[in-house]
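I opened my notebook to jot down what I looked up in this structure. Here is the model first, then my entries.

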Amino acid sequence: GTGFAGCEACLAPESGYIVTGQISFPTDYDVFLAKLSLGGDLLWIQLFGSWHEDQGDAVKEVSDGYVIAGLYTTYACLIKRDFNGEPVWERRLDLPGDHFSHAFDLEVVDDGFVICGARRPTPVSLGDVYVVKTDRTGNVLWRKTIGGYECDVGYFIEL
């Protein structure tokens, strides 16, 4: 597997670190979410995703678990897991009809999350920066597309 993001886990019952990324199998890729102790020992790992190529690109600890932004096959996703890595909810962030979208980073705000990434509305489009604001349960409040004539991607967001 490949780890793409991590953060310190201070609010969970046991302090440590949380890491997300992508783990490969012969015919599939899944998101992994792993909890490590302060000493670096693996406490647990959860694998999840859609039917094809999936990855976790950003993870943040919130008051009741972890939120992951990433990719499920061809669409940007926002995923909530509890402190044991068990599912709470999953949300698609793409616009209906999009050919492809991918969430690369996320920030926690008081009333929800702000996610950035990229989207391609059609198979021949080059792509644009994509920013999404959600509420605390991952429901999309607004979406913004930013870009020009070249390929544009938002890898990081800072509030």
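I started with Arg-81, which counts as buried because its relative accessibility is 4% (buried is under 20% relative accessible area, exposed over 50%, partly exposed in between, with a 1.4 Å probe and protein chains only). The model is predicted, so I noted that local features need pLDDT of at least 70 and side-chain atom pairs pLDDT 80 or more, while totals for chains, interfaces and linings use all residues. Residues are numbered from 1 along each chain as its sequence is written, and side-chain values use heavy atoms, without hydrogens and water.

Next I checked the partner: Arg-81 meets Glu-90 in a salt bridge at 4.0 Å, N to O (a Lys or Arg side-chain nitrogen within 4 Å of an Asp or Glu carboxyl oxygen). Glu-90 is partly exposed at 40%.

How many salt bridges does the structure hold? I found six.

Another one pairs Lys-60 with Glu-107, with the closest N and O atoms 3.9 Å apart. Lys-60 sits in strand E5 and Glu-107 in strand E9, so the pair ties together parts 47 residues apart in sequence (strands are DSSP runs of at least two residues, numbered from the N terminus). Lys-60 is partly exposed at 25%, but Glu-107 is buried at 18%.

I also looked up Arg-119 and Asp-98, whose closest N and O atoms are 2.6 Å apart in their salt bridge. Arg-119 is in strand E10 and Asp-98 in the loop between strands E8 and E9, 21 residues apart. Arg-119 is buried at 11%, and Asp-98 is buried at 15%.

Technical notes:
Helices (H or I, at least four residues) and strands (E, at least two) are DSSP runs, numbered from the N terminus.
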